[in-house]
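Reader: I am new to this. Please take me through one part closely, the place where the two chains touch.

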Amino acid sequence: MSVELVAYVAFFLTMALTYAVMCLGLNVQWGQTGLFNVGVAGFVAIGAYVSALLTTPDAPDRFGGFGLPILVGWLGAALATGLASFLVGWLTIRLRADYLAIATFGVAVTVQLVALNLQSITGGPFGIGFIPRPFANLAGDPLAFSLLNLGVLIVVVALLYLALEHLLRSPWGRVLRAIREDETAALALGKNATRFRLQAFAIGGAIMGLAGATQAHFVGFIAPDNYVPLLTFQVWAMLIVGGSGNNRGAILGAILVWGIWAASAGAIASLFPPDQQARAAALRIVLIGIGLCAILLLRPRGILGEERIVSRHLARLKPARRTASNPTSPEP
Amino acid sequence: MNPQLIMDGLIAGAMIGLGAIGITLTYSILRFANFAHGEMISWGAYLALATSGLLGSLSGALLKPIGPFSFGWSLPLAVLAAVALTAGLALLVDALLFGPLRKRRSAVIIMVMASFGASLALRSLLEFIFTSKPVYFSKALQIALPLGGGLRATPDQLLSLAVAAILVVAIHILLTRTAIGRSMRAVSENQQLAGVAGIDARKVIRTVWMLGAGLACIAGVMAGLLVQIRPYMGFDLLLPLFAAAILGGIGSVPGAMLAGLIVGLAEALGVQLIGAEWRAAVAFMILVFVLLLRPQGLFGRAE
């Protein structure tokens, strides 16, 4: 296999894994808790911009550029986005379920607007460049550079996966599930549904912010155009295809959907004349939209679906319950 | 401060109000936030544009401007056809997507997500057919007439305001004085009980889609006539629409219209005070304040 091919595959997988992180964040909010976030792009953008501001070298024409280490940037991104999610959740989670959807939609629109217009902080339409990339000193050797970056993302995804699996099986994760399946019963057991939902929403948001930051540092450049509603939509498609409620499904869906997306971009570039490519790209989005609706109608569980029993104790004590347990689609 | 912002705000508010009536009706009767409603506005505008172009090519006389307005008879005729076509589109989406989900008793939030998918597909389909280049009903320039008090408005703008006012009164009468209106309110109160009382819920749902889509189409034509037609025109209105529907109180038609005017005026004020590029944030601020201070809206009931 040629060096270019390996480098390309590594690049593709790294990109796909940044989406996998977003998917894992969305899975905490939607898959495990049933909270609908229509503003994924906005939360990812907050993370990307915060990390970019913290780590880029000092820039004369805008605020900041603090030149801090990359890890500080990532941590700051996760904290800032978690805080933003907490505020949005605090405002809406106690209200009707779809008010959260409307509010997150508003967040996405507003974040995009701020990124575009608050030129003195976000760089305006031109965005922020020169975001430090991990292992930048190796950029002369594309193979080592791309493999090391892939390694970083694999470590991030693996750590997140292990942590989230642990959370999912912990008492905390099981309460979330109980609230999602039957809120009245959970309330009767003395669980404060609003507080648990709020925690899950903030944790999911923080993970999305981390995803935005890792992606920004991997690409090295961010602009408002990266965080349009289409991004929200892609992340949703990934989670639904892979299987919401299942962390492995979230990762699998991200790689699969990103693969289809990248391949269809190549197909459009080679099949259509240049003047028709914008139209063909629109048609591609139509197909993805119809695809998402079709999955919701035909196979709402996705490829992997949710594990029915997550508690170790229950699985050990009553293996027969596995088949008898209730269906897993999220109920209001 | 420039008094003209009142006129600009009222006109934008009338469009937002008409769209928000559709949102508030689907929300109170079908019980989910329909993110695809903005696309009914865009599709309505493009359908009217295509029909109007077709009529114009059949008979040039239809293109001759009527009196002081910028358009000929082809546009009013096309609007009638476009309202019917947009209503048909809404029924089609319901038959293919929301109907089967309802039958399966899917969670509210699955319906919201499906509407999100439908919104993206419908919007991109417009982009595919018509490309993203803005288009116009008429290239004619209109002179704004002075109305006194420093206000100016073009004949098209005044006509739009009048049409919006008539439509709101008509919808209000429909909901409060007719049998189908009473059925709609009954289903919005309690679907099971309404079914027991012999109300055909499917007919009510069909009516809601047709009403909402028809009003959205007219809002789209107004936006096309007064601003421009783009595939994103409806999507960009979505946040003001939701803000108006929630501010007015879910289920309240006069509330949606009044809140639409408030959002429109606030946007015009915001444009004047902080700049046009922040227009979209005004609706978000209103939304945040309503959710903080009075989540049930002006005319809604606390749950």
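Author: Here is a close look at that contact.

The model is predicted: local features need pLDDT of at least 70, side-chain atom pairs count only at pLDDT 80 or more, and totals for chains, interfaces and linings use all residues. Residues are numbered from 1 along each chain as its sequence is written, and chains are lettered from A and ligands numbered from 1 in the order in which they are written.

Start with the whole contact. Chain B gives 34 residues and chain A gives 34 residues. Two residues are in contact if their C-beta atoms, placed from the backbone, lie within 7 Å.

Now take the side of chain B that touches chain A. α3 (74–103), α4 (108–130), α9 (233–248) and α11 (279–293) of chain B each supply at least two residues. Helices are DSSP runs (H or I, at least four residues), numbered from the N terminus. α4(B) gives the most, with 15 residues. By class, this side has 29 nonpolar, three polar and two charged residues. Ala, Val, Leu, Ile, Met, Phe, Trp, Tyr, Cys and Pro count as nonpolar, Asp, Glu, Lys and Arg as charged, and the others, Gly among them, as polar.

Next, zoom in on one helix pair. Helix α4 (residues 97–117) of chain A packs with α11(B) at an angle of about 145 degrees, and their axes are 9 Å apart. Axes are lines fitted to C-alpha atoms, for helices over the stretch in contact, and angles run from 0 to 180 degrees between N-to-C directions. From α4(A), the contact residues include A:Tyr99, A:Gly106 and A:Leu113. From α11(B), they include B:Ala280, B:Phe284 and B:Leu291. This helix contact has nine nonpolar, two polar and no charged residues.
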